[in-house]
Amino acid sequence: MKIGILTHHYVKNFGAYMQGYALIQTVKNICPEARVEIIDYRVKKHELKNTIHFFGFKPGRGDTIRGYIGKIGLFFTHRAYEKRMPRRRKVNSSSEINALNYDLIIVGADEVWNFNDCAYDAIKFGYGLDAPLITYSASAGGSSIKDHISPEIKKGIRNFKNISVRDEKTEELAKKLVNNRKKIERTLDPVFLYDYDFKVRDKVREFIKKPYILIYDCRLKNDQAREIESFANRNDLNIIGAGEYRKWYTIHAENITPFEWAFLFKKAWGIVTGTFHGTSFAIKYNRNFVAFLTEENRVNKVKSLLKEFDLSERIVMENNWGQILSILQKSIDYSNVNKILDKKIKQSKRYLFENIEK
């Protein structure tokens, strides 16, 4: 049996890699005899934009020469890990994907259905594909049913045998597109389904000898940074940036592997993050965290995720940034969260198992 996964495997960020890796491993565990691989299909302008992001030098966003060098190193680390994912030759069209003769194609997870983004391609909506199709935890990101939807999307989505999505907004979109003719399931992002083995260098293990606040992809202003820095000094905490450099971080961990990144989440005293996957790993490892949200597409995804786990109070919006430290210091009762999580993990794995069996 040959199973292909169509996702944003070429995007150089920690969440994209970790969700793709987790989905591959989870499907392999469900169907050990299957050949499971990434379909090496890329949207060129999306890949180019992601690459430019790494090579752009932005002092206004806090870039320094040292940080820039670390960022370039991180790009090549991401690329090396991307190449480790099982895959065959690159394909450039639906006909070339069809020629690979998959028994099942899984589209997802991540923002594979964000049709207002430069990553959009009708193929991700099933357009032109012949193999049996399902989605797993697809997300529409900043797109919605209120936007203009192309005929290719409307036609392609009918090819899916079953559909699972990651958030409320995508669920609404999918239901409208299929006119409620199919059941749309909500499933967890793949990072929740897999227990990662950590291969961590000694220098990264040194980082965790003292308690620390982990910062990941937050657009913190200078006043916010000074307040967090002052709090850390008063409480004898280090500050680590997860794969990023800022002068005010105590420890600089700008060039780390995806597994070292997850390891730093697991061991953190507390986490301040502005992303979906940063929030997901904080929950996965039962850490105290704040989701500091400043971008609209992130707001939709993270709000939906936290609503599922009754953790909406961990959100801080940009105009209320003074709440970051007060919320970070409030402990989370993870007993209830983990009950919800266990139930959703079983449901998500069942969805994959039943569809692979079919």
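Reader: Is Glu-82 buried or exposed?

Author: Burial is judged by relative accessible area: under 20% is buried, over 50% is exposed, and values in between are partly exposed (1.4 Å probe, protein chains only). Glu-82 has a relative accessible area of 5%, so it is buried. Please note that this is a predicted model, in which local features need pLDDT of at least 70 and side-chain atom pairs count only at pLDDT 80 or more, while totals for chains, interfaces and linings use all residues. Residues are numbered from 1 along each chain as its sequence is written, and side-chain values use heavy atoms, with hydrogens and water left out.

Reader: Where does Glu-82 lie, and which residues does Glu-82 touch?

Author: Helices (H or I, at least four residues) and strands (E, at least two) are DSSP runs, numbered from the N terminus. Glu-82 belongs to helix α3, residues 65-84. A contact means heavy atoms within 4.5 Å. Leaving aside residues up to four places away in sequence, Glu-82 touches His-9, Tyr-10, Lys-12, Tyr-17, Arg-42 and Arg-87.

Reader: What is a salt bridge, and how many does the count come to?

Author: Side chains of opposite charge can pair when their charged atoms come close. The rule asks for a side-chain nitrogen of Lys or Arg within 4 Å of a carboxyl oxygen of Asp or Glu. By this rule the count comes to 26 salt bridges. One of them pairs Arg-166 with Asp-110, whose closest N and O atoms are 3.7 Å apart. Arg-166 is in the loop between β5 (160-165) and α6 (168-177), and Asp-110 is in the loop between β3 (104-107) and β4 (133-135), so the pair ties together parts that are 56 residues apart in sequence. Both Arg-166 and Asp-110 are buried.

Reader: Which salt bridge does Asp-223 form?

Author: Asp-223 pairs with Arg-226, with 2.3 Å between the closest N and O atoms. The two residues are three apart in helix α8 (residues 222-234), and therefore about one helical turn separates them. Asp-223 is partly exposed, at a relative accessible area of 45%.

Reader: How are Glu-354 and Arg-350 placed in helix α13?

Author: Glu-354 and Arg-350 are four residues apart in helix α13 (residues 334-357), which puts about one helical turn between them. Their side chains meet in a salt bridge of 3.1 Å, N to O. Glu-354 is partly exposed, with a relative accessible area of 36%, and Arg-350 counts as partly exposed at 30%. Elsewhere, salt bridges that share partners join Lys-12, Asp-40, Arg-42, Glu-47, Glu-82 and Arg-87 into one network.

Reader: What does the chain look like as a whole?

Author: The chain has 13 helices and twelve strands. Its radius of gyration, taken over C-alpha atoms, is 20 Å, close to the 21 Å that the globule rule (2.2 Å times the number of residues to the power 0.38) gives for 358 residues, so the chain is as compact as a globular protein of that length. Along its principal axes the C-alpha trace spans about 60 × 40 × 40 Å. Of the 358 residues, 59% count as buried.

Reader: How far apart in sequence are the residues that contacts join?

Author: Among contacts between residues at least 6 apart in sequence, 76% join residues at least 24 apart.
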